[in-house]
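Subject: Structure for your review

Dear colleague,

Please find below the structure that I am handing over to you, followed by an account of what was found in it. I would be grateful if you could read the account with the structure open.

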Amino acid sequence: MNYTRECLLLFFQVICSLCDTEQDVHQVCINCGVCMGKYFCETCKLFDDDISKQQYHCDGCGICRTGGRDNFFHCFKCGCCYSIMLKDCHPCVERAMHHNCPVCFEFLFESTRDINVLPCGHTIHMDCFKEMQQHVQFFCPVCSKSVCDMSKVWEKLDEEVALTPMPESYQNKKIWILCNDCNATSEVPFHIVAQKCLNCNSYNTRQTRGCHTTDTCQQ
């Protein structure tokens, strides 16, 4: 939508609700002196009386955020504000917050809900992440990397594989797999339970090529 200059000027005028004075946007009325908002952002033209939200304006984001300036920092590669606890210890992903949550599809950059940064650098709402865990989903919905330490789970799978011998006709079958955690490719024995990455020992893998016998491969 296009606006005329006169229309745009209207967006930078306010009318005091006490004295009806029309004026440029200020925190304090130029006529009667009433404070129009305990928090005022001249850039966003934002007023708010509830300062318990600890509002602050981030020049990098270009918008006002809540939570207190001292508790957040702006990552210019990710293009958003993160908790100060993640400074110098989070994997950067270009414009990581400028997309929808992979679970609920709400635009993350403008969301007021808590955000979780996964070990892979992708972002997701904290409550959506907790819901995933409740449904035994421990992999990033974007890149499929593990989102927590899965070593105990891999040990259980080791035991299950060892206790589940394959039929003789499948014992020489091999397949190629791609590891979602380390991105390595491996040729491994086919097993009905799971396939283990030879590089990082993760079972978070996917098959990339079908079965073949060792004898056929050698011919």
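A residue is called buried when its relative accessible area is under 20%, exposed when that area is over 50%, and partly exposed in between. Asp 48 has a relative accessibility of 19%, and it therefore counts as buried. Please bear in mind that this is a predicted model.

Salt bridges

How many salt bridges does the structure hold? There are four salt bridges.

Another salt bridge brings together the side chains of Arg 113 and Glu 106, at 2.6 Å from N to O. Arg 113 is partly exposed because its relative accessibility is 29%. Glu 106 also has a value of 29% and is likewise partly exposed.

Asp 158 and Lys 196 form a further salt bridge, in which the closest N and O atoms are 3.2 Å apart. This pair links distant parts of the chain, as its two residues are 38 residues apart. Asp 158 belongs to helix α3 (residues 151-162), whereas Lys 196 lies in the loop between β12 (185-189) and β13 (205-213). Asp 158 is partly exposed at 30% relative accessibility, and Lys 196 is partly exposed at 27%. Elsewhere, salt bridges with shared partners join Glu 106, Arg 113 and Asp 127 into one network.

Strand β7 (residues 72-75) and strand β8 (residues 80-83) run antiparallel and are joined by four bridges. Which residue of β8 stands opposite Cys 75? The residue opposite Cys 75 is Cys 80. The two strands form a hairpin with four residues between them, and Gly 79 in the turn has a positive phi of about 75°.

Strands β11 (173-179) and β12 also run antiparallel, joined by five bridges. Leu 178 has Thr 185 in β12 as its bridge partner. This hairpin has five residues between its strands, and Asn 183 in the turn has a positive phi of about 65°.

In soluble globular proteins, nonpolar side chains tend to be buried together. The largest nonpolar core of this model has 24 residues, of which Cys 78, Cys 80, Tyr 82, Leu 118 and Ile 124 touch the most other members. At least two residues of this core come from each of β5 (56-58), β7, β8 and α2 (126-134).

Leu 118 deserves a separate look. Beyond its neighbours within four places in sequence, Leu 118 is in contact with Pro 91, Ile 124, Phe 129, Cys 140, Pro 141 and Val 147.

The largest pocket

The largest pocket has a volume of about 640 Å³. It is lined by 23 residues, and those closest to its centre are Arg 65, Thr 66, Phe 72, Ser 111 and Arg 113. Strands β6 (63-65), β8 and β9 (115-117) each supply at least two residues of the lining.

Loop residues

Thr 164 is found in the loop between α3 and β11. With a relative accessible area of 26%, Thr 164 is partly exposed. Which residues does Thr 164 contact, leaving aside its neighbours within four places in sequence? They are His 191, Ile 192 and Val 193. The C-alpha atoms of Thr 164 and Ile 192 are separated by 8.5 Å, although the two residues are 28 residues apart along the chain.

Most residues other than glycine have a negative phi. Lys 45, which is not a glycine, has a positive phi near 55°. Lys 45 sits in the loop between β3 (39-41) and β4 (46-48), and it is partly exposed at 30% relative accessibility. Gln 54, again not a glycine, has a positive phi of about 55°. Gln 54 is placed in the loop between β4 and β5, and its relative accessibility of 44% makes it partly exposed.

Yours sincerely,
A colleague

Note on methods:
Residues numbered from 1 in each chain as written. Predicted model: local features only at pLDDT ≥ 70, side-chain atom pairs only at ≥ 80, totals over all residues. Heavy atoms only, no water. Pairing = 2+ DSSP bridges. Core = buried A, V, L, I, M, F, W, Y, C linked by side-chain atoms within 4.5 Å. Buried < 20%, exposed > 50% of the residue type's maximum accessible area, 1.4 Å probe, protein only. Contact = heavy atoms within 4.5 Å. 1 Å grid on protein atoms, 1.4 Å probe; cavity = no way out; pocket = protein on both sides within 12 Å on 5 of 7 lines; lining within 4 Å. Points joined across faces, edges and corners; volume = space filled by probe spheres on them.
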